Amino acid sequence: MNFAFTQEQEAFRSEVRKFIQREFSPEQSVKYKDFFSMLGGGVEQRNFKQEMSRKLGAKGWLSLAWPKEYGGRDSPSLQHILVEELAYYKCPGWDGVGVGMLAPMLLKSGNEEQKKRFLTPIARGEGSWCELLSERDAGSDLASLQTSAVEDGDYFVLNGQKCWSSGAHEADWGFILVRTDPEAVPKHRGLSFFLLDMKTPGISMTPIVNMAGEPEFNEVFFDDVRVPKENLVGDKNRGWYVIMGVLDFERSVFPVHAIARRKLDDFIEHVRKTKPLDPVTRNRIAELIAECEIARLIHHRVVWMQDKGIVPNYESSIDKLYGTELNVKVTAMVARALGHYGALTEGSRLAPLNGHVPYLYLRAIGDVIAMGSSEIERGVVAQRGLGLPRG
Amino acid sequence: MDFSLTEEQEMLQKTTRDFLATECPKKLVREMAKDEIGHPLELWQKMSEVGWLGLIIPEQYGGSGASFFELVVLLEEMGRACLPGPFFSTVVLGGLTLLEGGSNEQKEELLPELAQGKLLLTLALTEPDVKYSADGIQTKATQENDDFVIQGTKLFVPDAHVSDYLICAARTKETGIPEEGITLFLLDSKSPGINCTLLKTMVGDKQCEVTFDNAKVPGRNILGKLDEGWPILEKVLEKATVARCAEMIGGAKQVLEMTVDYAKQRVAFGRPIGSFEGIQFYCANMLTDVDACSFITYEAAWRLTEGLPATQEVAMAKAWASEKFREIATLSHRIHGAIGFCEDHDLPLYFKRAKAWEASFGDADFHLGKIATKAGI
């Protein structure tokens with residue numbers, strides 16, 4: 001075993017840190033609450049995010065994990081190091097949906113034409129993506145989704161509605177999973193995967209504000225939306241496998257341990273400047289320092305597997321649930337330790353930590369649900385990790 | 001990073017597991033818990049023959065010169081098997097202290113014997129208030145000509161009843177700073193003035209109360225320098241703490257495997273109980289915590305092996321192992337139901353060890369305090 005990074009990895013990490021110092025000033029950083037809070041910041045923040053995306057693209061940093069033949073460096077670990085640093089410093093510009101999720105799906109399941117057409121702009125940091133998967137009645141049981149697509153000449157015609165689509169209102173493109181065979185048994189064998197220009201006529205949406213006050217989600221409606229057939233990824237009725245083929249990678253897309261650690265470090269810095277800590281809070285902080293380190297190791301086991309070309313199995317489910325639950329614990333501990341002050345919001349004269357505490361506390365809940373709830377992940381760990389029988 | 005064992009380490013792991021499966025059945029573990037000596041001498045001899053006693057002893061002293069990480073691999077398997085006997089006290093506590101603090105002459109005299117299974121050692125560290133910090137050492141040693149005279153009580157000394165030598169940490173100077181003025185003495189355990197009483201414990205492991213009533217030790221038997229024993233102990237304690245964590249993760253892994261096997265076989269309401277979500281969530285939590293404890297223990301062990309600062313990681317490893325092994329064993333009981341509650345089932349062996357080891361080398365609160373101090377809060 002070896003718990004050190006290579007010289008190349010260390011050098012890359014410090015290059016990323018320098019980039020962040022140069023491009024993302026402390027004055028800008030203060031405006032951002034969290035790496036996850038990249039939505040709903042208004043036009044100014046949206047433009048800045050796109051500008052940062054293009055800068056990351058120009059460095060060649062949005063395709064680090066891709067094979068060399070597609071302009072990448074074939075290095076999952078460098079991608080993870082990049083995102084770890086961006087996440088810790090709350091630096092915008094990394095499109096988790098386009099770069100983190102769609103690109104690996106296209107690399108695995110897309111045809112050459114699709115790869116050429118869509119990977120190049122993603123690598124350059126041009127355009128942004130949203131995912132259109134969940135529906136009101138299909139979340140954890142995604143395969144039961146009802147939004148349909150029917151073949152019509154050179155097109156598929158989409159009808160139905162998606163829900164909880166983060167950032168759909170800002171996205172240029174979306175990827176969508178729809179039902180193309182209503183009779184299919186089991187249900188997941190009747191689904192197809194499409195790439196969708198969000199400006200296509202027939203798409204409309206209404207915003208859904210999350211409990212932290214952000215217009216994060218959307219309900220997206222499809223009324224005879226015509227999608228050209230060349231936008232079908234993989235075969236018709238095989239869309240489930242396009243998603244599942246990379247799910248074990250996607251669960252580890254976000255280095256949540258770094259997101260949690262940032263909040264813990266901000267709180268530690270705060271308490272150093274204020275009154276002495278009571279021993280109970282002191283131990284609670286120590287416990288979370290340890291848990292952040294453990295979460296980092298759990299994440300890097302997956303990164304190590306990816307670098308070695310081993311497909312992660314239950315390991316990425318543990319990574320996802322451990323990191324996001326840690327984030328809940330950190331924000332809850334901070335809110336608890338600050339008591340009444342922890343409930344003061346931005347703009348309050350007496351609010352500690354820029355009044356971000358309530359937002360972070362509320363926002364953290366979303367991630368133990370999104371992209372595979374902790375309960376779904378525990379099922380994966382039990383069934384695939386330990387071989388327990390399905391219920 | 002690399003999360004895999006080397007080929008040699010995998011081989012060591014496999015041969016250790018196979019050896020213990022044959023030589024250390026649970027029947028023996030139960031017998032030895034009730035036995036006054038606590039381990040069969042033939043097994044000790046075999047362990048010496050396969051090279052375990054000399055594993056980390058340098059070749060010049062008759063060992064095989066393996067690294068601390070290899071010792072961790074070995075101890076993990078011992079924890080899995082609930083191996084009884086004085087391996088930990090002799091090799092980890094005694095061996096590491098000799099390696100860390102012994103002079104060349106002392107090493108030449110003692111280490112080859114240790115490797116051959118002819119010498120049992122232990123460390124007499126904790127006292128009635130059981131602290132793993134320097135202020136816990138109140139036993140006094142007073143110089144009389146070329147000798148020192150030791151007065152005090154050491155409590156929870158492992159395997160002192162069979163040890164040939166005791167390494168005793170005693171205070172030789174009062175400076176007001178607890179870390180200063182501690183000296184390590186190597187005492188023949190049969191010296192006049194030393195009295196050893198075996199304690200009755202839940203695990204049936206062999207822990208002793210050792211009293212020193214004007215026990216005389218020659219000055220040449222100091223390990224390291226006069227008044228400068230604590231820095232040696234600090235190093236030994238870091239390794240010993242990780243070594244204990246290794247036993248604990250071995251035990252936790254065995255408990256998880258037993259539990260998953262049982263959940264697959266046991267049928268209730270017409271289906272294996274492992275298909276129920278409640279049981280699956282328990283098992284998923286157990287695996288998550290096994291991984292968590294393993295990685296932080298391996299990271300600490302790797303840092304110690306590489307000679308890197310490891311105070312923080314060692315504390316994290318023990319804070320986690322202390323809490324999680326107990327939780328894992330508790331969940332296992334919940335899944336096993338009544339059968340696991342029986343004395344002749346294997347699970348209680350682990351449940352008891354989880355509790356006993358929770359406190360050894362400091363519990364979670366002790367180590368969380370260290371983490372906080374190190375983090376400057």
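**Figure 1. The loop around A:Tyr341 in the predicted model.** In this predicted model, A:Tyr341 sits in the loop of chain A that runs between helix α10 (314–338) and helix α11 (357–367). Its relative accessibility is 46%, and A:Tyr341 is therefore classed as partly exposed, a category that lies between the buried limit of under 20% and the exposed limit of over 50%. When residues up to four places away in sequence are set aside, A:Tyr341 touches A:Leu350 and A:Pro352. For orientation within the chain, A:Val256 is 85 residues away from A:Tyr341 in sequence, and the C-alpha atoms of these two residues are separated by 26 Å.

Figure 2. A:Asn231 belongs to the loop of chain A between strand β7 (217–228) and strand β8 (232–233). With a relative accessibility of 3%, A:Asn231 counts as buried, because the limit for that class is under 20%. Apart from neighbours within four places in sequence, the residues in contact with A:Asn231 are A:Gln114, A:Arg117, A:Trp173, A:Phe193, A:Phe194 and A:Leu195.

**Figure 3. A cis peptide bond at A:Pro186.** The peptide bond that leads from A:Val185 to A:Pro186 is cis, and its omega angle is near -10 degrees.

**Figure 4. Two residues of chain B with positive phi.** Although B:Asn214 is not a glycine, its phi is positive, at about 55 degrees, and this residue is part of strand β7 (residues 207–218) of chain B. B:Asp227 is likewise a residue other than glycine with a positive phi, here near 70 degrees, but B:Asp227 is found in the loop between strand β8 (222–223) and helix α7 (230–265) of chain B. The relative accessible area of B:Asp227 is 18%, and the residue is therefore buried, given that the limit is under 20%.

**Figure 5. B:Phe281 at the contact with chain A.** B:Phe281 is a residue of helix α8 (residues 277–306) in chain B. Leaving out residues up to four places away in sequence, B:Phe281 touches A:Glu375, A:Arg378 and A:Gly379. Within its own chain, B:Phe281 is 43 residues from B:Glu238 in sequence, and the C-alpha atoms of this pair are 34 Å apart in space.

**Figure 6. The interface between chain B and chain A.** Chain B contributes 40 residues to the contact and chain A contributes 42 residues. About 4000 Å² is buried between the two chains, and carbon and sulfur atoms give 71% of that area. On the side of chain B, the residues B:Met1, B:Phe3 and B:Ile377 supply 21% of the area that this chain buries against chain A, which is more than any other three residues supply.

Figure 7. The secondary structure of chain A consists of 12 helices and eight strands, and its C-alpha trace spans about 70 × 50 × 45 Å along the principal axes. The radius of gyration of chain A is 21 Å, which agrees with the value near 21 Å that a compact globule of 391 residues would have. Of these 391 residues, 57% are buried. Among the contacts in chain A with a separation of 6 or more, 73% are made by residues 24 or more positions apart. Chain A has an accessible surface of about 16700 Å², and 51% of that surface belongs to carbon and sulfur atoms. Its 49 positive and 52 negative charges have mean positions that are 4 Å apart.

Figure 8. Chain B has 11 helices and 10 strands. Its radius of gyration of 21 Å is close to the 21 Å that the globule rule gives for 377 residues, so chain B is as compact as a globular protein of that length. Taken along the principal axes, the C-alpha atoms of chain B fill a box of roughly 80 × 50 × 40 Å, and 58% of the 377 residues are buried. The accessible surface of chain B is about 15400 Å², with 51% belonging to carbon and sulfur atoms. Chain B carries 38 positive and 56 negative side chains, and the centres of these two sets lie 5 Å apart.

Notes: Residues are numbered from 1 along each chain as its sequence is written. Chains are lettered from A and ligands numbered from 1 in the order in which they are written. Side-chain values use heavy atoms; hydrogens and water are left out. Helices (H or I, at least four residues) and strands (E, at least two) are DSSP runs, numbered from the N terminus. Contact means heavy atoms within 4.5 Å. The radius of gyration is taken over C-alpha atoms; the globule rule is 2.2 Å times the number of residues to the power 0.38. Buried means under 20% relative accessible area, exposed over 50%, partly exposed in between (1.4 Å probe, protein chains only). Accessible areas come from the Shrake-Rupley method with a 1.4 Å probe; for residues, only the protein chains shown count as cover. Lys and Arg count as positive and Asp and Glu as negative; His and the chain ends are not counted. The place of a charge is taken as NZ of Lys, CZ of Arg, CG of Asp or CD of Glu. Buried area is the accessible area (1.4 Å probe) that two parts lose on being put together, summed over both.
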